[in-house]
Amino acid sequence: MSKPVIISGIQPTGNLHIGNYLGAVKNWVELQNSGQYEMYIFIADLHSLTGMQSAEERRKQIKTTAAELLAAGIDPKKTTFFVQSEVDGHTELGWIFNTVTHVSELERMTQFKDKSAHQEKNINAGLLTYPILQAADILLYKGQLVPIGQDQIQHLELTNDIGRWFNNRYGEFFGEVKPLLTKIPKVMSLLEPTKKMSKSLGQGHVVELADEPETIETKLKKAVTATEGGAGAPGVQNLLLLLKEFGDAKLHVKFVDDEKNGTIRYGDLKTALADAISKTFADFRKKRAEYLADEKKLQKVLKAGADNAQKVADKTMTEVRKLVGIK
């Protein structure tokens, strides 16, 4: 029997940070290394066109994101790893899905509202149709499982709706996609711990995987702790969560106990966390630098992944074109 197919992607809109890592990348690597799945991981550069990056920034970030994912453990021998735009079929299938999807279904998507709020001067049609291209990304490879958190369920439901609408019009072809729900630690901003950690908030709000130890230490020194609410404050809980994920278990328990009994020293907590994060990503920083220094190697990996993905995409699109009557 063939392995279940897992699909996931990430936009090249900034360097990976610890929120990305704990929320997606770490899980991808674990699923990949389990050997239980056929994995497809892609860099969603077509999706990034809905944002405000310049062409130069986008080219650079695609390269950097590729290097960072490889450095973080994505193995091209175990995973089909590619850049979305380098595979024909994503946009064509997306267009076909456009023709079976009602606008009202797109207008109710919460992510459209969120994205529009973040770029009020660039509310483009792509922000509205984003979930349709996302459905094409998944169904092009006959994806069966998508690793997501609870907050992304709405988009996966729409993917299944689109597949069903296509099947109803043209005949049974696309199967159901199921969520592979993962327990995602909710990493919050260092400076505004009531908000999710995001690059859009600014550099001081995030710890990037590529940050040098001194940078990590500087950022954590400025992290909000209990000044906004005393014991149990969001900032403190965020730092304790990160120590749990990256640090020594006994050390984490000690700081949790200290916080409960009011003897915690936030400076010590920040120092311990900075050290833990620095050590966790020491090998990552080395590998990242090696990939970025060898562009030919990086392009070879991406081309091989795109070639493998294209074979699957071609097979799907040959059938889809016949079904819709354009072949």
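A crossing of two helices is left-handed if the near helix is turned anticlockwise from the far one by less than a right angle. The legends below describe close-up views of a predicted model.

**View 1. Helix α10 passes helix α12 in a left-handed crossing.** Helix α10 covers residues 234-246 and helix α12 covers residues 266-280. Their axes come within 9 Å and cross at roughly 35°. On the α10 side, the residues in contact are Val236, Leu239, Leu240, Leu242, Leu243 and Phe246. These meet Tyr266, Leu269, Lys270, Ala272, Leu273, Ala276, Ile277 and Thr280 of α12. Sorted by class, the contact of α10 with α12 has 12 nonpolar residues, 1 polar and 1 charged.

**View 2. Ser278 is placed in helix α12.** The relative accessible area of Ser278 is 9%, which is under 20%, so Ser278 counts as buried. Its side chain reaches the backbone oxygen of Ala274 at 2.8 Å. Not counting residues up to four places away in sequence, Ser278 touches Pro213, Ile216 and Arg285.

**View 3. Helix α3 runs over residues 55-71.** With 17 residues at 1.5 Å a residue, α3 should span 24 Å, and its end C-alpha atoms are 24 Å apart, so the two values agree. Buried residues of α3 include Arg58, Gln61, Ile62, Thr64 and Thr65. Also buried in α3 are Ala66, Ala67, Glu68, Leu69, Leu70 and Ala71. Just after the helix, Gly73 takes a positive phi of about 125°.

**View 4. Lys142 lies in the loop between α7 and β4.** Helix α7 covers residues 125-139, and strand β4 covers residues 145-148. Most residues other than glycine have a negative phi. Lys142 is a residue other than glycine with a positive phi, near 55°. The relative accessible area of Lys142 is 35%, so this residue is partly exposed.

**View 5. Gly149 is placed in the loop between β4 and α8.** Helix α8 covers residues 153-170. Gly149 has a relative accessible area of 4% and is therefore buried. Leaving aside neighbours within four places in sequence, Gly149 is in contact with Leu181, Thr182 and Ile184. Leu201 is 52 residues from Gly149 along the chain, and the C-alpha atoms of these two residues are separated by 21 Å.

Notes:
Residues numbered from 1 in each chain as written. Predicted model: local features only at pLDDT ≥ 70, side-chain atom pairs only at ≥ 80, totals over all residues. Heavy atoms only, no water. Axes fitted to C-alpha atoms, helices over the stretch in contact; angles between N-to-C directions. Helix = DSSP H or I, 4+ residues; strand = E, 2+ residues; numbered from the N terminus. Contact = heavy atoms within 4.5 Å. Nonpolar A, V, L, I, M, F, W, Y, C, P; charged D, E, K, R; others polar. Buried < 20%, exposed > 50% of the residue type's maximum accessible area, 1.4 Å probe, protein only. Polar contact = N/O pair within 3.5 Å; in protein donor to acceptor, adjacent residues only side chain to side chain. Expected span 1.5 Å × (residues − 1).
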